[in-house]
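Work through the exercises below with the sequence and the coordinates open. Each task is followed by a solution in steps.

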Amino acid sequence: MPSSILDGNPPAHRLGRQLRRVRVSAGYTTQAALGKRIGWGEDTVSKAETGVQVPTDSVFIAWIEACRVHVNGKREVLSDREVLSDGEVATLSDLWEVARLYPTSIIPDMVKPWFEAEAEADAIYIWDTTLVSGIFQTEPYAQAMYDLPGMDEGMAAATVSFRMHRQAILHRDDPVQVRCVLHEAVLYLLIGTPQVMVAQIDRLLELSLLPHVTLQISKGKGAYWGLSGPFTIASGLGKPDVLGMPAFEDQTTKDVERTRRAAILFEKIRASARNAQDSRADMMEAREHWNSQQ
């Protein structure tokens, strides 16, 4: 994951500056003038240029078409009135695609260190008691988590896209080593529909066969190691381990002592969990449960 995505120069801001440059070069001296031309209003143009909101498909296409030639030029006459070449349009489109994956507003400052650590990790250790980890989620499962009254649809879609992109660490040439333990309750918490759950468990079963992924299930209705809540540790060669603790607001720390205690706890959780083969059987049992509910 390029560092510029998470630093002070996110793609949404870079795209906004480029769109403003194009607007001015095309002769639209005000945001209102371009907004009137493309039929979306000054507010839409302003949000795009400041990086507050990445343009939708229709807005971006209309913007590019309106600014290909100067406002006083004619499209069929290629002259010094031409503002954007095909190559420049392609470059802008590439930046727009990246900005859609990494809109500024979905990456709070407090979790940027975690995403950086996750992207650069050689090994990740996951313990979760409620949800399937983000890097294991199917898109319908992730989307269902945001299908709530009052949730902004654009923000939800951007967040899901970002989550899907993070999963690239599992499939790169040198994939991250993942050791994950899920409490069995995760398999039986309905997220979306039974059909979504069947597909999600299928995804877990598929991932559990990868040589760099170990997936175990922790069972038991009484007290158990890890009862205090989920956490994740990202470990990289020559770098301090990073501890992520999802709660009401995600917390991330590099505190050596806290991370050491979390690592010890993780080993206790793993030791009391089911082995990989039995865990697959548990997942298939849960799959049959949801399949019977369809």
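The protein holds twelve helices and six strands. The model is predicted.

**Exercise 1.** State in which order the strands of the open sheet lie, and find its edge strands.

Solution. Begin with the order, which reads β3-β2-β1-β4-β5-β6. The sheet is open and has six strands, with mixed pairing. Next, look for strands that pair on one side only: these are β3 (213-218) and β6 (251-253), the edge strands. Last, follow the twist, which averages 10° from one strand to the next.

**Exercise 2.** Determine the sense in which β4 and β5 pair, and the residue opposite threonine 232.

Solution. Strands of a sheet pair through backbone hydrogen bonds, either parallel or antiparallel. Take β4 as residues 231-235 and β5 as residues 242-245; the two pair in the antiparallel sense, over three bridges. Then locate threonine 232: glycine 244 in β5 stands opposite this residue.

**Exercise 3.** Identify the strands that helix α11 lies across, and give its angle to β4.

Solution. Helix α11 spans residues 256-272.

**Exercise 4.** Describe burial, surface and contact range for the whole protein.

Solution. Start with burial, taken as under 20% relative accessible area: 44% of the 294 residues count as buried. The accessible surface comes to about 15,200 Å², and carbon and sulfur atoms account for 53% of that area. For contact range, consider contacts between residues at least 6 apart in sequence; 73% of these join residues at least 24 apart.

Key
Residues numbered from 1 in each chain as written. Predicted model: local features only at pLDDT ≥ 70, side-chain atom pairs only at ≥ 80, totals over all residues. Heavy atoms only, no water. Pairing = 2+ DSSP bridges. Helix = DSSP H or I, 4+ residues; strand = E, 2+ residues; numbered from the N terminus. Axes fitted to C-alpha atoms, helices over the stretch in contact; angles between N-to-C directions. Contact = heavy atoms within 4.5 Å. Buried < 20%, exposed > 50% of the residue type's maximum accessible area, 1.4 Å probe, protein only. Areas by Shrake-Rupley, 256 points an atom, 1.4 Å probe, with all protein chains shown as cover.
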